[in-house]
Amino acid sequence: MPNVLEVKSLTKKYGKFVALKDININIEGGKIIGLLGQNGSGKTTFLKCVAGLLSADDGEIIIDGEPIGAETKKKVSFLPERTYLDNSLTVDEAIKFFCEFYSDFDENKAREMLSILGVDSKAKLKTLSKGNKEKVQLILVMSRKAKLFLLDEPLGGVDPATREFILHTILAAFKGGATIIVSTHLISDVEEILDEYILVEENRFTVYGDVKALHKEGKTLDGMFREAYRCF
C-alpha cells in the first residue's frame, strides 16, 4: 500500500530544548505500529506534530500525499493521553459535538460502544470516574472513519476487561483499512496486534522494525524494550 505518512527531517524545539531532532520515516498504509520509548523521549510531541496540534521548527510532514494542513486534519484522529473534553458536557452532548465537528463521525458506532461498556450517555462527564471519562474519549476518537489514528497511551489506567475491548476496537479500525500508531508502555498487552515498532530515544527514532521478524529471532518486543532501557 502507498505511504499514509511521510516525515522528512522533522525537528521540534521548546525554547532551547530539542524534543525531536531530524526525524525521517515513511509509514505504509494498513499497519498497526507501536511507538515505544521512555517518558520524555518525544513520543507525544511526535504524535501532536502529525495531528497538526504542534508546528514543526523544521522539516515536513505529508499525510496521504498531502502536506500537513486543514485537509490532512480531516484524515487524522488523535487520542491524547489526558482527557480534553469539557467536564460540563453530558456524554450525549459530547457525541453531538463530534457529530457536528467531524463529517466522518459514526454516531451509531459510538452509541453501540457506550452500551457495551455500560456508560450512561445522559451522565455529565464531571460525574464519571477517570476510567469512564477515558472510555468516552476513546469511543469518540475511534468512532471516526479516519485514515490515520494516533493513540497516546490508550491502555493506561483502565481495567483488564476494558483493555481487551480497546485492543478489539483498534483491530476493528485496522480491518477497516486504517493505519494506527499506538504510543504505550504496556508493550506486552499490544505486542500481539502490532505489525511494526519504532523505538524513540532522546528525541530520535533509533529503530524501525518488523515485529514478526523479531519473533522469528526468538525475541519479544517487550523483552527487547526492557533490555534496552534497563535501569539497573
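A residue is buried when its relative accessible area is under 20%, exposed when it is over 50%, and partly exposed in between. The exercises below use these cut-offs on a predicted model.

**Exercise 1. Helix H1**

Task: Find which residues of H1 are buried, and say what follows the helix.

Solution. 
- Step 1. Locate the helix. H1 covers residues 43-51.
- Step 2. Apply the cut-off. The buried residues of H1 are Lys43, Thr45, Phe46, Leu47, Cys49, Val50 and Ala51.
- Step 3. With 7 of its 9 residues buried, H1 is mostly covered.
- Step 4. Check one case. Cys49 has 1% relative accessibility, so it counts as buried.
- Step 5. Gly52 follows H1 and has a positive phi, near 85°.

**Exercise 2. Cysteines**

Task: State how many disulfides there are, then classify Cys99 by its accessibility.

Solution. 
- Step 1. A disulfide needs two cysteine sulfur atoms within 2.5 Å.
- Step 2. By this rule the count is 0.
- Step 3. Cys99 has a relative accessible area of 31%, so it is partly exposed.

**Exercise 3. One face of helix H4**

Task: Work out how the buried and exposed residues of H4 are arranged.

Solution. 
- Step 1. List the buried residues of H4, which spans residues 107-117. They are Ala110, Met113, Leu114 and Leu117.
- Step 2. Look down the helix axis. These residues fall within an arc of 105°, so they line one face of H4.
- Step 3. Recall the geometry. An α-helix has 3.6 residues a turn, so residues three or four places apart point the same way.
- Step 4. Turn to the face away from the buried side. It carries the exposed residues Asn108, Glu112, Ser115 and Ile116.
- Step 5. Ask what covers the buried residues. The cover includes H3, H5 (130-142) and H6.
- Step 6. Inspect the two ends. At the start of H4, a side-chain oxygen of Asp106 comes within 3.2 Å of the backbone nitrogen of Asn108. After H4 comes Gly118, with a positive phi near 70°.

**Exercise 4. Aromatic rings**

Task: Classify the ring pairs that Phe97 makes with Phe98 and with Phe101.

Solution. 
- Step 1. Start with the total. The whole structure has 6 aromatic pairs.
- Step 2. Take Phe97 and Phe101. Here the centres are 5.5 Å apart, with 15° between the planes. Under 30 degrees counts as stacked, and this pair is stacked.
- Step 3. Compare with accessibility. Phe97 is partly exposed at 41%. Phe98 is buried at 2%. Phe101 is exposed at 55%.
- Step 4. Widen the view. Phe97, Phe98, Phe101, Tyr102 and Phe105 form one aromatic cluster.

**Exercise 5. The nonpolar cores**

Task: Describe the largest nonpolar core and the contacts of Ile170.

Solution. 
- Step 1. Begin with the background. In soluble globular proteins, nonpolar side chains tend to be buried together.
- Step 2. Size the core. The largest one has 28 residues. Those with the most contacts inside it are Phe149, Leu151, Ile170, Ile180 and Leu221.
- Step 3. Find its main contributor. Helix H6 (residues 160-175) gives the largest share of this core, 4 residues.
- Step 4. Trace Ile170. Leaving out residues up to four places away in sequence, Ile170 touches Ile32, Met142, Leu151, Ile180, Val182 and Ile193.
- Step 5. Look elsewhere. A second, separate core has 25 residues, including Leu10, Ile23, Ile27 and Ile63.

**Exercise 6. Pro80 in its loop**

Task: Place Pro80 in the fold and find its contacts.

Solution. 
- Step 1. Pro80 sits in the loop between strand E6 (76-79) and H3.
- Step 2. Its relative accessible area is 15%, so Pro80 is buried.
- Step 3. Pro80 and Leu47 are 33 residues apart in sequence, yet 8.8 Å apart in space, C-alpha to C-alpha.
- Step 4. Not counting residues up to four places away in sequence, Pro80 touches Gln137 and Asp152.

**Exercise 7. Positive phi**

Task: Find where Asp22 and Glu153 lie, and say whether each is buried or partly exposed.

Solution. 
- Step 1. Know the background. Most residues other than glycine have a negative phi.
- Step 2. Asp22 has a positive phi of about 50°. Asp22 is in strand E2 (residues 17-28), and is partly exposed at 41%.
- Step 3. Glu153 has a positive phi near 55°. Glu153 lies in the loop between strand E7 (148-152) and H6, and is buried at 14%.

Conventions. Residues are numbered from 1 along each chain as its sequence is written. This is a predicted model: local features need pLDDT of at least 70, side-chain atom pairs count only at pLDDT 80 or more; totals for chains, interfaces and linings use all residues. Side-chain values use heavy atoms; hydrogens and water are left out. Rings of Phe, Tyr and Trp (its six-membered ring) pair if their centres lie within 6.5 Å; planes under 30 degrees apart count as stacked, over 60 as edge-to-face and the rest as tilted. Buried means under 20% relative accessible area, exposed over 50%, partly exposed in between (1.4 Å probe, protein chains only). A nonpolar core is a set of buried Ala, Val, Leu, Ile, Met, Phe, Trp, Tyr and Cys residues joined through side-chain atoms within 4.5 Å. Helices (H or I, at least four residues) and strands (E, at least two) are DSSP runs, numbered from the N terminus. Contact means heavy atoms within 4.5 Å. The arc is that of the directions from the helix axis to the C-beta atoms. A polar contact is a pair of N or O atoms within 3.5 Å; within protein, one must be able to donate a hydrogen and the other to accept it, and residues adjacent in sequence count only if both atoms are side-chain atoms.
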